[in-house]
Amino acid sequence: MNLQPIYDLAQICSLHGIRYAVISPGSRNAALTIAFARHPKIECYSVSDERSAAFIALGLSLKTGLPTALICTSGSAGLNYAPAVAEAYFNQVPLLVLTADRPPEWIGERDGQTIYQENLYGRHVKKSFVFPSLSIDKDSVATGHDMVHEAVLLTQSNNKGPVHINVPFREPFYPESGTVYDFNQNLVKTDPPNGLNPIPELGKMMTELPKYKRVLLIVGQGAKQKSLNDLLEGLSTQHQIPIVADIISNVHEVAGVITGQDLFLKANENKELQPDLLITIGMSVISKNLKIFVRNHKPKAHWHVRDEAHAPDTYKALTLAIQSDPESFLLHLSANLSVDQSQQEFFHAWQKTDQSAKEIIRNYESEQFSDYQGYKKVLQSLPNNIDLHLANSMAVRYANVIGLRQDQKVEVYCNRGTSGIDGSNSTAVGATLASPKPVVLLTGDVAFFYDINAFWHNSLSDNLKIIIFNNQGGGIFRMIDGPSQQPELEEFFETVQKRNAKLTAQEYHFEYMTSHDTNDLTQTLPLFFEGGGRKILEIFTNPQESKEVYKDLFHKLSK
């Protein structure tokens, strides 16, 4: 068998900027493993658990903004990539998924490690390819080159995301004795298609702005971008546009940004906060209360701005999808806005309501030590210039309610594409491999133990610190009226467990610390954050007391 096209595949990946590959051991993928491992410009990590491997690759891509190659053998191995592939698709993270496969004549014939791998991920990838025959035929070789160029470019075009190449191998799939393959230096990078052009109708759209007396801008999840934040700050401070953003939007450094919406929109109807024109940028928002508010108080118009063809109708009010990069659009918006009294009053209504909610958060204390006090203390104590990863369920919700200060230089990450808990550890681990900054993961006990194989490899970095809130189960279900009122709550919803992370910390060489109350946590946090080395801090709380404190907080907000 001619394995040169596999070496060419690795070379093309390198030409397009792929710097990392995460490989799970196997035999059928041997040629892919060898080609990537021997490439001088691609750093490879071996991770045995394919589910963890895929989320580690996701973390690498989240940090770099570039696709990471993900390589596995045939059979169920590729199925274990599915949760991370789905997360990458909905969170628009570039991944190049390379699955080795059996030859087509053996599919469905009960041969070992054989499943139906074509279109394995269905609609959860941007496109699926089947690599052509590994022969010396020039046409097949050229087709393979074109396919890889297209696949890698697709991972990065407009709406970034995962792309799958299934590679069937016949034996022998190891290089034969005496056969030498090398990386083809004559291959050249294919240029991507032209970027988005300014929309001809943009100027016309701006002439419609005077029709709307109350403009609101919601920022969804996105990477931290100084240039975007500068534009948003100008809209907030100079043009009096309320900027509403969850913690995962990474705009907490913008002056005047509204972050308490999940608090005060729960309290009452807030009809005075209803916009005439809603403008949205970015991806998803955490705040259920914000989504319900806008759906119940629909604007006259909703413009969604995103550099992708598909415009999700999150608020069921979409009137115009604007395919443009947000910065170009916001520049046009700034140039065409004028501030009148209605807009000023609207801006101040949002500011006043937000500040009142934040004041309650700042001053709220309780006698009981709970998740709320723990998260508040941790978030206030975070060092500057770190990457903060938030697990799903209560970790991201507490962080969103409490928020970050404007002066905290923190970049926030969370798997909110599918909002699953299955890969929180692994995503953070992947980010450490590409981040020069410390990485801090805030997680719950269930999410932590669910993804414990994130540490089962030989590439753990020392710049990872993990804070686990251990309330002995899935605390979110105690907060939700439905499951909290059922007799099966503890056994089938919370899945109560009595584990702690001490032995896990020992096994994977984390320094281990614990806290059980506010004073203990106050003394422990400075020691936890100082210096290098990977550490785990486990904070123990009572789930019932945490529920009571959380409910009491929202009761005070509704007064």
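Helix 13 passes helix 21 in a right-handed crossing. The model is predicted. Helix 13 spans residues 371–381 and helix 21 spans residues 518–529. Their axes come within 11 Å and cross at roughly 40°. The two helices are therefore oblique to each other, since angles under 35 degrees count as roughly parallel and 65 to 115 as roughly perpendicular. On the helix 13 side, the contact is made by G374, K377, V378 and S381. On the helix 21 side, L521, T522, L525 and F529 take part. By class, this contact has four nonpolar, three polar and one charged residues. An α-helix has 3.6 residues a turn, so residues three or four places apart point the same way.

Aromatic contacts were examined next. A pair of aromatic rings is described by the distance of the centres and the angle of the planes. The count comes to 18 aromatic pairs. In one of them, F264 and W350, the ring centres are 5.8 Å apart. The planes of F264 and W350 stand at 70°, so this pair is edge-to-face, the cut-off being over 60 degrees. F264 lies in helix 9 (residues 261–264), whereas W350 lies in helix 12 (residues 341–363). The pair therefore ties together parts that are 86 residues apart in sequence. Both F264 and W350 are buried.

Y375 and Y398 form a stacked pair, because their planes lie at 15° and the limit for stacking is under 30 degrees. The ring centres of Y375 and Y398 are 4.9 Å apart. Y375 belongs to helix 13, and Y398 to helix 14 (residues 394–402). The pair links distant parts of the chain, 23 residues apart. Y375 is buried, as is Y398. Elsewhere, one aromatic cluster is formed by F448, F449, F455, Y508 and F510.

N470 lies in strand 15, which covers residues 464–470. The relative accessibility of N470 is 0%, so N470 counts as buried. Residues up to four places away in sequence aside, N470 touches D445, Q497, R499, N500, E538, I539, F540 and T541. T427 is 43 residues from N470 along the chain. The C-alpha atoms of N470 and T427 are separated by 20 Å.

V339 is found in the loop between helix 11 (326–336) and helix 12. V339 has a relative accessible area of 33% and is therefore partly exposed, a class that falls between 20% and 50%. Neighbours within four places in sequence aside, V339 is in contact with Q238, H239, Q240 and Q344. K213 and V339 are 126 residues apart along the chain, with their C-alpha atoms separated by 9.1 Å.

Q92 follows helix 5 and has a positive phi, near 55°.

Notes
Residues numbered from 1 in each chain as written. Predicted model: local features only at pLDDT ≥ 70, side-chain atom pairs only at ≥ 80, totals over all residues. Heavy atoms only, no water. Axes fitted to C-alpha atoms, helices over the stretch in contact; angles between N-to-C directions. Helix = DSSP H or I, 4+ residues; strand = E, 2+ residues; numbered from the N terminus. Parallel < 35°, antiparallel > 145°, perpendicular 65-115°, else oblique. Left-handed = near helix turned anticlockwise from the far one by under 90°. Contact = heavy atoms within 4.5 Å. Nonpolar A, V, L, I, M, F, W, Y, C, P; charged D, E, K, R; others polar. Phe/Tyr/Trp six-rings, centres within 6.5 Å; stacked < 30°, edge-to-face > 60°. Buried < 20%, exposed > 50% of the residue type's maximum accessible area, 1.4 Å probe, protein only.
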